[in-house]
Amino acid sequence: MARLRVGVLVSGRGSNLQALLDAAADAAFPAEIVLVLSNVPGAFALERAAQARVATAVIDHKAYDGRQPFEQALHQTLLDHGVEFVCLAGFMRLLTDGFVNQWHDRLINIHPSLLPAFRGAHAHRDVLAAGVRLSGCTVHYVRPAMDDGPIIAQAAVPVLPDDDESRLAARVLEQEHRIYPLALRLIAEGRANVVDDRVRLDAPVAEGALINPRP
């Protein structure tokens with residue numbers, strides 16, 4: 001069976017990209033990364049891709065007059081490389097409805113909170129300000145609204161009394177690296193399907209609960 005051809009959109013250092021590259025390096029993994037595309041020239045994620053011998057492209061949004069021509073260039077470059085599915089991995093540009101709809105149910109994102117709580121670019125700061133006891137991360141299909149869409153996988157971590165944003169972010173990031181390849185594998189195997197705008201999983205369901213503080 002042919003592996004799912006995946007493009008990854010990045011803007012920064014690409015630690016989640018690395019988790020996907022590492023998973024896809026196994027020939028038994030049902031998806032392959034065929035393109036890493038960045039809007040930021042010199043992004044370290046591009047070096048990660050080059051080291052993995054994956055094709056790269058740079059489409060600098062600053063070179064385009066508006067979001068539509070920029071996104072058209074993104075779309076065409078993905079098509080030119082035979083990309084069938086797109087992962088956002090620290091891609092720091094809001095995508096328009098038009099682009100999202102072109103890739104409907106073929107575009108996923110990872111966000112550092114337990115969605116639908118704490119959307120936006122400052123999730124860890126907002127978690128700490130709210131005083132919640134659990135945080136985590138979410139892989140979801142992308143919809144036009146920010147950090148919205150059917151949820152595929154989540155992981156929870158405790159929020160500790162001495163946490164600051166960096167300590168909490170590091171704990172959450174460890175789980176991001178676990179669940180992003182998991183979610184992509186479930187999709188590529190046909191085991192995570194959107195039905196009535198919710199994800200129906202053909203996969204084992206976790207039992208029990210993570211409680212913080214412990215009883």
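## Largest pocket

Here Ala, Val, Leu, Ile, Met, Phe, Trp, Tyr, Cys and Pro count as nonpolar, Asp, Glu, Lys and Arg as charged, and the others, Gly among them, as polar. On that basis, the lining of the largest pocket divides into 18 nonpolar, 13 polar and nine charged residues. The model is predicted.

The largest pocket holds about 1,000 Å³ of space. Its lining comprises 40 residues. Gly90, Phe91, Met92, Asn109 and Ile110 lie nearest the centre of this pocket. Four elements each supply at least two lining residues: helix H1 (15-24), strand S5 (107-111), H5 and H6. H6 gives the most, with five residues.

## Second largest pocket

About 500 Å³ of space lies in the second largest pocket. It is lined by 16 residues. Nearest its centre are Ala153, Gln154, Leu201, Pro204 and Ala206. Strand S7 (151-158) and H6 are the elements that give two or more residues to this lining.

By class, the lining of the second largest pocket has 12 nonpolar, two polar and two charged residues.

Helix H5 spans residues 123-130, and helix H6 spans residues 165-188. Their axes come within 9 Å. They cross at roughly 115°. That angle makes H5 roughly perpendicular to H6. The crossing of H5 and H6 is right-handed.

Which residues make the contact between H5 and H6? On the H5 side they are His124, Arg125, Val127 and Leu128. On the H6 side they are Glu165, Leu168, Ala169 and Val172. The residues of this contact divide into five nonpolar, one polar and two charged.

## Helix H1 against helix H6

H1 also packs on H6. The angle between H1 and H6 is about 45°, and their axes are 9 Å apart. H1 is thus oblique to H6. The crossing of H1 and H6 is right-handed.

H1 brings Ser15, Asn16, Ala19, Leu20 and Ala23 to the contact. These meet Leu173, Glu176, His177, Tyr180, Pro181 and Leu184 of H6. The contact of H1 with H6 has seven nonpolar, three polar and one charged residues.

## Backbone features

Where are the cis peptide bonds? One runs from leucine 115 to proline 116, with omega near 10°. Proline 116 is found in the loop between S5 and H5. Another cis bond runs from asparagine 212 to proline 213, with omega near 0°. Proline 213 is found in the segment after strand S9 (198-201).

Aspartate 105 has a phi near 60°. This is a positive value in a residue other than glycine. Aspartate 105 lies in the loop between helix H4 (97-102) and S5.

Methods
Residues are numbered from 1 along each chain as its sequence is written. This is a predicted model: local features need pLDDT of at least 70, side-chain atom pairs count only at pLDDT 80 or more; totals for chains, interfaces and linings use all residues. Side-chain values use heavy atoms; hydrogens and water are left out. Axes are lines fitted to C-alpha atoms, for helices over the stretch in contact, and angles run from 0 to 180 degrees between N-to-C directions. Angles under 35 degrees count as roughly parallel, over 145 as roughly antiparallel, 65 to 115 as roughly perpendicular and the rest as oblique. A crossing is left-handed if the near helix is turned anticlockwise from the far one by less than a right angle, and right-handed if clockwise. Contact means heavy atoms within 4.5 Å. On a 1 Å grid over the protein atoms alone, a cavity is a set of points where a 1.4 Å probe fits but cannot get out, and a pocket is an open set with protein on both sides within 12 Å along at least five of seven lines; lining residues have an atom within 4 Å of a point. Grid points are joined across faces, edges and corners, and a volume is the space filled by probe spheres set on the points.
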